[in-house]
Amino acid sequence: MSQTMRAMVMKGIGEVAVVEKPRLTEPGPNGAIIKTTRGLVCTSDTHTVKGAIGEPINLGELDESLLESVE
């Protein structure tokens, strides 16, 4: 298994990108390893990208997802 995963992040106001991030190998005591099989951008994501919460850097987006439990 690869040591990285792809993630959609907000790089700055009006700028989003897909970046490589380290893959988690061990979930916490109440955690799980999941795989995103489908995802979409919701209305709050579009407001965030337009600057609704300021200038977050590398903020993970895509909170509307179809997930598969891996571990």
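The legends below describe close-up views of a predicted single-chain model.

Residues are numbered from 1 along each chain as its sequence is written. In this predicted model, local features need pLDDT of at least 70, side-chain atom pairs count only at pLDDT 80 or more, totals for chains, interfaces and linings use all residues, and side-chain values use heavy atoms, with hydrogens and water left out.

**View 1. The chain and its order of elements.**
The chain holds one helix and five strands. Helices (H or I, at least four residues) and strands (E, at least two) are DSSP runs, numbered from the N terminus. Along the sequence they follow the pattern β-β-β-α-β-β. Of the 71 residues, 15% are buried. Buried means under 20% relative accessible area, exposed over 50%, and partly exposed in between (1.4 Å probe, protein chains only). The accessible surface comes to about 5,400 Å², by the Shrake-Rupley method with a 1.4 Å probe. Carbon and sulfur atoms account for 54% of that surface. Contact means heavy atoms within 4.5 Å. Among contacts between residues at least 6 apart in sequence, 55% join residues at least 24 apart.

**View 2. Confidence along the chain.**
The mean pLDDT is 79, and 86% of residues reach 70 or more. This score is the predictor's confidence in each residue, from 0 to 100. Confidence is highest in strand 2, at a mean of 88. Confidence is lowest in strand 4 (residues 59-60), at a mean of 68. Where pLDDT is low, the predicted coordinates should not be read in detail.

Strand 1 (residues 4-12) pairs with strand 2 (residues 15-22) in the antiparallel sense, over eight bridges. Two strands pair if DSSP finds at least two bridges between them. Arg6 stands opposite Glu20 in strand 2. Met10 stands opposite Val16 in strand 2. Two residues lie between the strands of this hairpin, where Gly14 takes a positive phi near 80°.

Met10 is buried, at 0% relative accessibility. Lys11 is partly exposed, with a relative accessible area of 31%. In a regular strand the side chains alternate between the two faces of the sheet. Met10 and Thr48 are 38 residues apart in sequence, yet their C-alpha atoms lie 8.6 Å apart. The C-alpha atoms of Lys11 and Glu55 are separated by 8.7 Å, across 44 residues of chain.

Pro56 lies in the loop between helix 1 (43-49) and strand 4. Pro56 counts as buried because its relative accessibility is 16%. Leaving aside neighbours within four places in sequence, Pro56 is in contact with Met10, Lys11 and Gly12. Pro56 and Val9 are 47 residues apart in sequence and 9.8 Å apart in space, C-alpha to C-alpha.
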